[in-house]
Amino acid sequence: MSYLPENMPSPRPTLDDAPYWQACQERRLVIRYCEQCAHFFHPPLPNCPRCSSTQLTWKQVSGRGTIYTYTVGHYAVHPSLKGHPPYNVCVVLLDDADDVRLVTNVVDVAPEALEIGLPVQVCFEPSGDGTLIPRFRRRGLDTSARGERS
Amino acid sequence: MTFPMPNWPRELQPCIVGVGETAYTKRGGHQDKSELALCIEAIHNAADDAGIDAREIDGFTSFGFERHEPAVVQTALAAPSLRYASLVWGGGGGGCSGSVMLAASAVATGQSRYAVAYRSLCQGQYERYGQHRERLLWGSYVAPYGLMSPGLMMALAYRRFMHETGATPEHLADIAVMLRANAQHNPRAVMRDKPLTREQYFASRMIADPFHLYDCCLETDGACAVIVTTRGIADRLNRPAVPILAAAQASGPRWSLGPMGSHNMPLDDYASINSREVAKAIYAQSGLAPSDIDVAQIYDAFTGLIPMGLEDYGLCERGGAAALIASGALRQGGRLPINTAGGLHSEAYLHGLNLVIEAVRQARGDSTLQVPNVRHSLVTSGGGTGHKSALILGRAEH
């Protein structure tokens with residue numbers, strides 16, 4: 001059971017980002033990192049957006065972050081959302097990847113309880129075709145060590 | 001100061017000499033005329049306004065999402081010569097003022113005598129922008145999460161803007177009610193005779209929190225066009241000619257597709273519409289300051305773009321938009337009236353080219369909600385897409 005219906009679109013990996021999606025299938029979150037200027041960036045590009053270097057690698061991050069901003073969709077923008085209750089879309093600022101943000105859903109927070117700054121932790125859920133994609137759960141002080149497999 | 005270069009010869013300065021539009025209807029309202037037919041009708045109307053034969057047009061510009069190619073438009077106009085044709089990159093409205101910039105550059109450098117910037121759009125005959133469409137670049141990072149419409153994308157930016165500046169949903173209501181009130185004076189407006197109250201605004205259904213239905217622009221069928229030529233040619237037309245004092249396209253560093261992409265623009269730029277660079281460019285070109293602007297048409301695909309736009313264009317300080325809105329300065333009779341024909345919110349959604357037309361009318365003195373003594377008329381283009389563009393128009397000369 002995923003946060004959104006199973007007919008929603010799934011990721012389409014490209015030459016630039018296949019390792020990101022591959023890591024997700026192993027329930028690991030990896031982010032593009034520039035070795036030239038020592039910055040993370042996202043989404044993956046062939047060159048660093050700060051210095052254009054191609055000396056890039058992938059670094060695994062903790063998956064912890066906070067809600068940077070959010071909205072709640074009340075409108076069926078996709079046929080499979082017809083009749084679906086309102087759902088959140090959040091931008092999560094990762095704790096340990098410079099200013100990198102992921103667009104995602106926070107799966108266990110009701111719309112009225114969403115707030116900017118709320119601590120969250122990555123989890124992985126199947127999208128429509130079964131590809132695992134990163135979503136997030138609320139992170140309490142007592143659960144922060146449980147990690148992404150919770 | 002002049003566009004495109006300081007001290008550009010007077011006779012080569014670009015001026016807007018004609019504007020034209022079809023009837024604007026809600027989505028699906030044009031059943032008897034194709035989108036292309038409307039496109040040609042709008043260009044004919046603009047040519048009539050300029051006092052020229054449409055077959056004299058030899059330059060053709062538009063911006064992303066236009067469906068009708070210049071060579072087709074040329075053929076339908078029976079224009080013998082196409083000498084210039086170009087399209088500004090980007091989806092939606094970001095390139096709108098840029099298309100007028102291309103037309104201006106073409107005439108100023110002698111590549112065209114009369115260049116038309118046009119937009120035809122029938123969401124009733126083609127797809128709806130508020131529904132999911134496949135995105136080639138980075139759709140993987142947004143579509144699986146249900147981030148599929150411009151409303152949701154801009155709601156994320158506006159939520160952050162509220163957090164950083166103290167703006168509230170009350171300010172959105174102020175804007176929605178004001179835009180609808182402006183449209184009541186405009187016989188072309190789709191929402192004429194449909195005034196909006198605060199109660200109706202807050203009672204309307206939520207679309208993308210904090211955006212209600214009445215924070216979203218219209219879905220329109222129609223077309224419009226703007227004709228540009230040089231001052232030297234305009235002098236012989238014996239019609240009002242509106243000089244283009246500044247025209248620019250720009251994007252800030254690391255913006256990429258901004259909120260239409262993966263939301264990784266720089267943190268201190270996030271709650272903006274990526275127009276700080278284009279604002280710098282138009283003020284530098286024209287030698288003007290924000291305080292010189294007498295009337296503005298701010299791209300309003302969503303009400304929330306207006307407060308962010310006011311700040312990006314320096315029309316108030318960072319964090320000052322909420323107070324400016326609450327002061328009433330943006331309304332009819334205020335210090336800086338905006339979107340005086342009703343905007344994309346209440347006149348028509350033609351990806352912003354109708355805002356250019358209203359900016360021209362303000363500069364000519366023939367708007368349906370005319371601001372007295374307009375010297376400098378600003379129009380801005382784009383909210384969420386990649387790069388942005390803008391124009392400053394000067395008072396019409398006859």
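1. The expected span of a helix is 1.5 Å times one less than its number of residues. Helices (H or I, at least four residues) and strands (E, at least two) are DSSP runs, numbered from the N terminus. For helix α12 (residues 353–364) of chain B, the 12 residues should span 16 Å at 1.5 Å a residue, and the end C-alpha atoms are 17 Å apart, which agrees.

2. The basis of this note is as follows. This is a predicted model, in which local features need pLDDT of at least 70 and side-chain atom pairs count only at pLDDT 80 or more, while totals for chains, interfaces and linings use all residues. Residues are numbered from 1 along each chain as its sequence is written, and chains are lettered from A and ligands numbered from 1 in the order in which they are written.

3. Overall form of chain B. The chain contains 12 helices and 12 strands. Its radius of gyration (taken over C-alpha atoms) is 19 Å, close to the 21 Å that the globule rule (2.2 Å times the number of residues to the power 0.38) gives for 398 residues, so chain B is as compact as a globular protein of that length. Along the principal axes, the C-alpha atoms of chain B fill a box of roughly 55 × 45 × 45 Å.

4. A residue is termed buried if 20 or more other C-beta atoms lie within 10 Å of its own, exposed if 12 or fewer, and partly exposed in between, with C-beta atoms placed from the backbone. Of the 398 residues in chain B, 63% are buried. Two residues are in contact if their C-beta atoms, placed from the backbone, lie within 7 Å. Among the contacts in chain B with a separation of 6 or more, 78% join residues 24 or more positions apart.

5. Nonpolar core. A nonpolar core is a set of buried Ala, Val, Leu, Ile, Met, Phe, Trp, Tyr and Cys residues joined through C-beta atoms within 7 Å. The largest has 166 residues, and those with the most contacts inside it are I16(B), I43(B), V116(B), V226(B), I227(B), V356(B) and L391(B). Beyond its neighbours within four places in sequence, V226(B) is in contact with residues including I16(B), V116(B), L353(B), V356(B), I357(B) and V360(B). In soluble globular proteins, nonpolar side chains tend to be buried together.

6. Helix α12(B). This helix is mostly covered, with 12 of its 12 residues buried. Among the buried residues are L353(B), V356(B), I357(B) and V360(B), as well as E358(B), R361(B) and R364(B). After α12(B) comes G365(B), with a positive phi near 90°.

7. The 13 residues of α3(B) reach 19 Å from the first C-alpha to the last, close to the 18 Å expected at 1.5 Å a residue. Buried residues account for 13 of the 13 in α3(B). G110(B), which follows α3(B), has a positive phi near 80°. This glycine is found in the loop between α3 (96–108) and β5 (115–122) of chain B. G110(B) counts as exposed because it has 10 C-beta neighbours inside 10 Å. The C-alpha atoms of G110(B) and L12(B) are separated by 8.2 Å, although the two lie 98 residues apart along the chain.

8. Strand β1(A). Strand β1 (residues 30–34) of chain A has 4 of its 5 residues buried, so it is largely enclosed by the rest of the structure. Two strands pair if DSSP finds at least two bridges between them. β1(A) is joined by 5 bridges to strand β3 (residues 56–60) of chain A, and the two run antiparallel; Y33(A) stands opposite T57(A) in β3(A). With strand β2 (residues 39–41) of chain A, β1(A) pairs in the antiparallel sense over 3 bridges, and the bridge partner of R32(A) is F41(A) in β2(A). β1(A) and β2(A) form a hairpin with 4 residues between them, where A38(A) in the turn has a positive phi of about 60°.

9. Strand β4(A). In strand β4 (residues 64–73) of chain A, 8 of the 10 residues are buried. β4(A) pairs with strand β5 (residues 87–94) of chain A in the antiparallel sense over 8 bridges, and I67(A) stands opposite V92(A) in β5(A). Another 3 bridges join β4(A) to strand β7 (residues 119–126) of chain A, also antiparallel; here G65(A) has V120(A) as its bridge partner.

10. Contact between the chains. Chain B gives 31 residues to the contact and chain A gives 32 residues. On the side of chain B that touches chain A, the elements giving two or more residues are α4 (150–165) and β6 (206–208) of chain B. The largest share, 6 residues, comes from α4(B).
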